[in-house]
Each structure stands twice: as structure tokens, then as C-alpha cells.
Amino acid sequence: MERIASLDELPDEGTFVFRVRDEDGVDEAILTRTNGDIHAWINRCQHWTDVRLDDGDGAMLRNGEIVCEKHGAYFETDTGYCNYGPCEGSRLPTVDVEVHDGEAYLDDEGYDFVGTGSMDDGDDVPQGTRGGDDFEL
Ligand code: FES
């Protein structure tokens, strides 16, 4: 397991951004806290999966839910479930994490830890596909 961050580093009303690598390259993930439980999600909206949920400094939370900055989809911080917006019914891809002694660790065989913070606008962003285009914007 690789250490991501101390839980003290998680903002109360926001998310903590870190980077992971899988067979497709480096991607961004976010740590969230829900009633003391820590979860992590790949930082890609499920409406347009080439769109990050945030502007680069962590996804916004509103009423305890992750909000996509692009078109305002809402995702539950503990399940990744989209309960409002153009991709309603979808789920954010999960990244498995463990907490020990106030520290969050990456515990996912599918990902290696790369570092904290957002990605540069680089070439290593895997391109996704867009879905839910039938939603009225
Ligand atoms: S890209 Fe996130 S709601 Fe459209």
C-alpha cells in the first residue's frame, strides 16, 4: 500500500486530488470524506468522461455531494452514484483506499500511486468517451 495523504490534509468542504497510474496511463483521483469514511474516485465525470469534475484544485462539494463543474451533475461521496444530472444513474469509477492511523493509503491492485496534486495539462490523459448526450443542457 502506498500512502496518499494524512486525513488532516482533506478539506472539510472539498476533495483531495492525487494521481494514479493504470495500464492506460496517469489519471487523476479524488479523496472524499463522508461521515468519517474515506473513499476515492477517478476524477472524471460520467457524462463526458474526458471532463474532470473540477477546475484543477479538487472537485467541489455541495450539500455533501460532488458536483461536476461542467454541467452540474451530482455524485454521492460514499457511493459515487450520480443522483442528478445528465448522467443520472451512473457511478464514478472507484479507487480502493484504506485508512490506518489517520493516513489514507492506496490499496487498489489496478492502480499505482503517482503523487499528490492535479495533473499538468499533459499528453498522458487517457481519452474517454462521451455519454448521455441526450440530456438537454
Ligand atoms: S461533463 Fe459533468 S455533467 Fe456534463
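Asp 107 counts as partly exposed because its relative accessibility is 34% (buried means under 20% relative accessible area, exposed over 50%, partly exposed in between, with a 1.4 Å probe and protein chains only). You'll find Asp 107 in the loop between strand 11 (103–106) and strand 12 (112–116); strands are DSSP runs of E with at least two residues, numbered from the N terminus.

A quick word on the model: it's predicted, so local features need pLDDT of at least 70 and side-chain atom pairs pLDDT 80 or more, while totals for chains, interfaces and linings use all residues. Residues are numbered from 1 along each chain, and side-chain values use heavy atoms, leaving out hydrogens and water.

Now for the salt bridges. Side chains of opposite charge can pair when their charged atoms come close. The rule here asks for a side-chain nitrogen of Lys or Arg within 4 Å of a carboxyl oxygen of Asp or Glu, and the count comes to four salt bridges. Here are some of them:

| Pair | N to O distance |
|---|---|
| Arg 3 and Glu 9 | 3.4 Å |
| Arg 3 and Glu 103 | 2.3 Å |
| Asp 27 and Arg 44 | 3.0 Å |

Asp 27 sits in strand 3 (residues 25–34) and Arg 44 in the loop between strand 4 (37–42) and strand 5 (60–62), so this pair ties together parts 17 residues apart in sequence. Asp 27 is buried, at 11% relative accessible area, and Arg 44 is buried too, at 7%. Elsewhere, shared partners join Arg 3, Glu 9 and Glu 103 into one salt-bridge network.

Conventions
Helix = DSSP H or I, 4+ residues; strand = E, 2+ residues; numbered from the N terminus.
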